[in-house]
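Dear colleague,

Please find the structure below. My notes on it follow directly after.

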Amino acid sequence: MKTLIVKGRTIVSGVGPDGNVARVDDAAVLVRDGTIVDIGPIRDLRAPDDAEVIGGDDFVVLPGFVNAHHHVGLTPLQLGAPDLPLELWANYRMGARRVDFHLDTLYSAFELVRSGVTTVQHLHSRVPGGVEEVAAGAREVIRAYRDIGMRVSYAYALRDQNRIVYADDETFYARLPDDLAEPLRATVDAQALSADENLEVFRILSGEFDEAGDVAIQLAPLNFQWCSDSALKQVAALSHERGALVHLHLLETPYQRAYARKRTGGSALGHLDRLGLLNERMTLGHGVWTTADDLDLVAERGAGICHNCSSNLRLRSGWAPVNAMLERGIRVALGIDEAGMNDDRDMLQEMRQVLRTHRVPGHQARVPSVAEVFRMATENGAGTTGFGARIGRLDPGCAADMVLMRWSRIARPYLDPDVSVLDAVVQRGKTDAVDTVLIGGVPVLRGGRFTRIDEEAALRDLAQFMNRPADEDERRRRAMVGRLMPHVEAFYENWLAEEPFEAYDVRNSRI
Ligand SMILES: [Zn+2]
């Protein structure tokens, strides 16, 4: 049995549903075999003499953060795709170069851990080939997290229709010249899995990883417009049968809401509910264009929403009604999605982004508190993964996933003593203050250095892989997307003309 004492000037266990912060000053966490046993003043902890001591008087000890919505290593921008509206951007990315899944995943995992993330919800897609190739790609992603020592909740995204625009693929091909339709069809077909094949991938990976404590496998129908009713029903049945959690992108853009109205005559949420998908196992990614009625239904069914603030701003998707979600007591988690404001994966920066973005005018207006945002990044994020209540808080019985931040970096050169520790961490904490990160009691980052893997060597290997000359397929796809964009743009013309809009809050006024 390995015993560890993690000392801090303050230990923050978490934030309760009432917004109260649970903290102890000048205390320590006692960890045995990767699990928290006790928290309190160090003299009260019953630790053996040979217990290893980590931390000290300069550290704030926090629960590890959960990035509840993540996809890739190298960012779309790094791979040549500019920030475009989602419907264009998603297609433009077909022109990106192939990546090595292991090295690519390591790259973003380094960034995540450096910003205090200990668990990630990895939503994977775009693997060419069939069931075997996709399962092999998934194993490479999972291997990368294990090499670093991170916890991963993994899902391979299911998409069985409307692979280019929000309409049948054949209908769209017919609008294109043959010399564009053909390479497009070849590219799309190379990555197309049926719903049955996708669920087979889920079963294979569950069989391999369900017993492991550091990997959880879940389901991820990619978005309403990209899944047929029959696929969604299959997901609902499998989730029910296995108790598997589901993460579904939903209502990310106004075009997706318009699509849902065309397909169902009403709301995507009502339709999902009728298909049996809206329950406490469901997390909706984005939810920017949810109406007040939609949010009432989400709250009633106990589903959660993952707020991807930076992504919404970068891709012009809109402002998610986060204040209305919080008002209804909906579990809101945070996702950095493909990349945050600095084109990296920085959870500290993302928390600040969320805190600021929803500060609407009006003295009486409800805005997110620091404690609420912190809870989104910890306990609420944990609830979207298969690890549930084992992570997201520092309580006895929880996994010892924790972040040690140097208080002197946060508070220097002066900070009024009345400023709370949590205010200081969320509003001023930057990655240079993250000194040590423990996952399952193992220090994966210590003194700002990775302990289990050579970061520089991995980044060199990644650079070398990406700097190879482009092959025939990569050159063909890059040339293709430039020609495709005007056709995609033309497809959505007038889509929003008939849509009713009434904003949740007022941000400015032209009269
Ligand atoms: Zn996403």
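A charge is taken to sit over a ring if NZ of Lys or CZ of Arg is within 6 Å of the ring centre and within 35 degrees of the ring normal. Lys262 likewise places its charged end over the ring of Trp495, 4.0 Å from the centre.

The model is a predicted one, in which local features need pLDDT of at least 70 and side-chain atom pairs count only at pLDDT 80 or more, while totals for chains, interfaces and linings use all residues. Residues are numbered from 1 along each chain as its sequence is written, and side-chain values use heavy atoms, with hydrogens and water left out.

Trp495 also belongs to a cluster linked by ring pairs, whose members include Tyr166, Phe172, Trp226 and Phe491. Rings of Phe, Tyr and Trp (its six-membered ring) pair if their centres lie within 6.5 Å; planes under 30 degrees apart are stacked, over 60 edge-to-face, and the rest tilted. The count comes to 13 aromatic pairs. Tyr166 and Trp226 form an edge-to-face pair, 6.2 Å centre to centre with 65° between the planes. Both Tyr166 and Trp226 are buried (under 20% relative accessible area, with exposed over 50% and partly exposed in between; 1.4 Å probe, protein chains only). The rings of Phe172 and Phe491 have centres 6.1 Å apart and planes at 90°, so this pair is edge-to-face. Because Phe172 lies in helix H4 and Phe491 in helix H18 (residues 472–491), the pair ties together parts 319 residues apart in sequence. Helices (H or I, at least four residues) and strands (E, at least two) are DSSP runs, numbered from the N terminus.

The zinc ion has as protein donors His69 (NE2), His71 (NE2), His249 (NE2) and Asp337 (OD), at 2.1 to 2.7 Å. Donors are N, O and S atoms within 2.8 Å of the metal (3.2 Å for Na, K and Ca); water is not among the atoms, so sites may look incomplete. His249 lies in strand E11 (residues 246–250) and Asp337 in the loop between strand E14 (331–334) and helix H13 (347–357), 88 residues apart. His249 is buried at 7% relative accessible area, and Asp337 is buried at 3%.

E11 and E14 also occur in an open sheet of four strands, ordered E11-E12-E13-E14 with parallel pairing. Two strands pair if DSSP finds at least two bridges between them.

Yours sincerely
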